[in-house]
Each structure stands twice: as C-alpha cells, then as structure tokens.
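Thanks for coming, everyone. I'll take a short tour through one structure, site by site. Please have the viewer open.

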Amino acid sequence: MQLELPLAVAPVTLPAGTLRYIQLGSEVVGYRFRRARRRSIGMVIDDDGLRVAAPNHAPIAEVEGFIREKARWVLKKLSEWRAAPKPPLVNWSDGSTVALLGAPVTIALLPGERGINMENGRLGIGLAPRGEPAALRKRAIAWIKEHALSLLGERLALYAGRLGVPTPTLSLSSARTQWGLCREDGHVRLNWRLIHLPLRLIDYVVAHELAHLREMNHSARFWAVVAGLYPDYKQARIELRHCNHRLPIL
Ligand SMILES: [Zn+2]
C-alpha cells in the first residue's frame with residue numbers, strides 16, 4: 001500500500017478532440033469537440049479552455065445551436081479563464097526570474113563562468129563558451145533538482161527526528177499529479193517542484209508523508225499525528241491546493 005498526496009488539479013494533458021470554431025457575437029471561439037457515449041451535449045471550461053462533448057448521433061448544427069444558446073455563459077467564463085493567473089514560463093534569460101522557496105529569484109547569466117550558484121536572491125548561471133541555450137536550461141534544472149533533493153532531505157531528517165522515527169530513504173518524483181508519496185516500507189518520494197513553494201508548505205508535505213509512517217490512511221488518528229508535527233496543517237492544506245497553477249514551467 002502506498003499513499004499519495006495529490007495535487008489539487010488534474011495533470012496537464014493535451015485535451016482530446018478536434019479543434020473547431022464558432023462565432024458567438026463578435027467573438028470567434030475555439031473549442032475542443034469530441035463524440036462520446038452520452039445522452040446530451042455537455043460543455044465545460046477548464047484549464048484547456050472550452051470543451052464540448054456530444055452524443056454520436058447529434059448533428060453538428062445541433063451542437064452549434066446548443067453552444068449559441070449558452071453564448072453568454074461561454075463568453076463570460078472564457079473571459080474569466082483568460083484573466084486567471086497562468087503559470088509563469090521561465091525563459092532563462094539574464095534578469096528573468098524563477099520562484100524558489102516561494103520568492104522570486106533573479107537569473108544572472110555569467111559569461112566565462114562554469115558553475116551555478118545561488119547568492120542573495122540571485123541564481124548565477126555560468127555561460128560556458130558556445131553554450132547552447134537548451135544546454136543552459138538543462139544544467140539549471142539539474143541544479144534545481146539537486147538543490148531540491150538536499151533541502152527536502154534536510155527537512156525530512158528534521159521532522160523524522162521530531163516524530164521519533166529513523167529518517168526514511170528519499171527519492172524525487174517529477175509527477176504532475178502528486179506532491180508526495182509514502183510507501184509502507186518507509187520510502188518517501190517527494191516532488192522536486194516543491195522547491196518552488198514557501199518552506200512552510202514544503203514542511204507540511206514532509207510532515208504529512210512522515211505521519212503516514214504511523215498511520216497508513218487519512219483517518220482522524222492520522223491527522224492527529226500531522227497536527228503534532230505541524231500544528232497549522234489546515235491552513236497549509238488550503239494554500240497547497242492553490243499552488244499548482246502557479247508552479248513555474250521551467
Ligand atoms: Zn496522505
């Protein structure tokens with residue numbers, strides 16, 4: 001048995017269906033259309049924009065009529081969706097920023113230097129001669145993962161001590177769907193993307209997974225163990241739910 005701490009939002013996958021367009025008032029709206037075994041036409045607006053599913057027998061004119069009937073709702077929801085904050089895309093240029101431990105860190109490209117270091121809120125990345133931008137990004141991500149592993153290892157050891165258990169073995173995950181996971185054999189996996197979040201949220205995930213060493217479930221007894229390790233866990237849980245959208249794309 002293993003327990004995972006899921007991210008609040010479904011993983012990023014390409015939406016299924018054909019891309020179609022429809023004119024609604026003065027706007028041309030794109031949507032993903034798919035046929036499904038269902039009785040009625042359904043519509044949803046999520047991270048991928050507007051998606052429409054229709055029964056196999058429904059003619060496309062009927063589908064479009066349905067969307068037009070709901071045009072006001074669609075346009076309102078789409079404008080809300082466009083205005084919602086999107087995850088920042090890190091472009092690895094000099095002066096751009098990336099969130100580490102919940103704070104923006106400025107990227108500085110350093111010609112003639114080789115290594116990567118972080119000092120005073122600045123992430124210095126050596127620009128090796130003839131270094132390709134793609135290689136620079138790869139090196140930077142590798143550095144961030146290494147940094148994540150050592151920090152998460154420290155926090156795990158700290159909280160394991162508080163719980164009075166031996167520090168579990170740790171590995172990093174890159175899952176798009178979970179922050180952490182605890183196996184019954186005591187092995188803990190933590191998402192390296194946690195490094196983007198404030199330390200207090202990282203600590204909550206660490207405390208949560210460690211508490212599973214005592215209770216392999218999410219019972220009241222489990223939450224009592226969490227509370228003993230991390231009293232403000234309710235607030236952290238709420239905050240964590242809103243983090244997925246803000247995780248930078250490296
Ligand atoms: Zn759990």
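A definition before we start. A pocket here is an open set of grid points with protein on both sides within 12 Å along at least five of seven lines, and its lining residues have an atom within 4 Å of a point. Strands are DSSP runs of at least two residues, numbered from the N terminus. And keep in mind throughout that this is a predicted model.

So, to the second largest pocket. Its volume is about 290 Å³. Which element gives the largest share of its lining? That is E6, with 3 residues. E6 covers residues 97-100. Strand E7, residues 103-111, and helix H4 also supply at least two residues each. By class, the lining holds 12 nonpolar, 3 polar and 3 charged residues.

Stay with His 196 for a moment. His 196 sits in the loop between strand E12, residues 188-191, and H4. Is His 196 buried or exposed? It counts as buried, because its relative accessibility is 3% and the cut-off for buried is under 20%. One distance for orientation. Thr 177 is 19 residues from His 196 along the chain, and their C-alpha atoms are separated by 16 Å.

Next, the metal. Which residues are the protein donors of the zinc ion? They are His 208, His 212 and His 218, each through NE2. The distances run from 2.0 to 2.1 Å. In sequence, the spacing reads H-x3-H-x5-H. Now place two of those donors. His 208 is in helix H4, residues 199-211, while His 218 is in the loop between H4 and helix H5, residues 220-229; so this pair ties together parts that are 10 residues apart in sequence. Their surroundings differ in accessibility. His 208 is buried, at a relative accessible area of 1%. His 218 is partly exposed, at 38%.

On to the rings. How many aromatic pairs does a search of the whole structure find? It finds 3. Take Tyr 204 and Tyr 230. Their ring centres are 5.8 Å apart and their planes meet at 65 degrees, so this pair is edge-to-face. The pair also links distant parts of the chain, 26 residues apart. Tyr 204 belongs to helix H4, and Tyr 230 to the loop between H5 and helix H6, residues 233-241. Tyr 204 counts as buried, at 1% relative accessibility. Tyr 230 counts as buried too, at 10%.

Now Trp 223 and Tyr 233. Why does this pair count as stacked? Because the planes are at 15 degrees, with the ring centres 5.3 Å apart, and the cut-off for stacking is under 30 degrees. Trp 223 is in helix H5 and Tyr 233 in helix H6, so the pair ties together parts 10 residues apart in sequence. Both residues are buried. There is a cluster here as well: ring pairs link Phe 222 with Trp 223 and Tyr 233.

Arg 162 lies over the face of Tyr 159, at 4.8 Å from the ring centre.

Now the backbone. Most residues other than glycine have a negative phi. Two residues to check against that. Trp 92 has a positive phi, near 60 degrees. Trp 92 lies in the loop between helix H2, residues 71-83, and E6. Its relative accessibility is 7%, so Trp 92 counts as buried. Leu 101 has a positive phi as well, about 50 degrees. Leu 101 is in the loop between E6 and E7. At 35% relative accessibility, Leu 101 counts as partly exposed.

Last stop, another loop. Where is Arg 37? It lies between strand E3, residues 27-36, and strand E4, residues 42-46. Arg 37 counts as exposed, with 85% relative accessibility. Ala 54 is 17 residues from Arg 37 along the chain, and their C-alpha atoms are separated by 8.0 Å.

That is the tour. Over to you for questions.

Terms used: Residues numbered from 1 in each chain as written. Predicted model: local features only at pLDDT ≥ 70, side-chain atom pairs only at ≥ 80, totals over all residues. Heavy atoms only, no water. Donors = N, O, S within 2.8 Å, 3.2 Å for Na, K, Ca; no water. Helix = DSSP H or I, 4+ residues; strand = E, 2+ residues; numbered from the N terminus. Buried < 20%, exposed > 50% of the residue type's maximum accessible area, 1.4 Å probe, protein only. Phe/Tyr/Trp six-rings, centres within 6.5 Å; stacked < 30°, edge-to-face > 60°. Lys NZ or Arg CZ within 6 Å of the ring centre and 35° of its normal. 1 Å grid on protein atoms, 1.4 Å probe; cavity = no way out; pocket = protein on both sides within 12 Å on 5 of 7 lines; lining within 4 Å. Points joined across faces, edges and corners; volume = space filled by probe spheres on them. Nonpolar A, V, L, I, M, F, W, Y, C, P; charged D, E, K, R; others polar.
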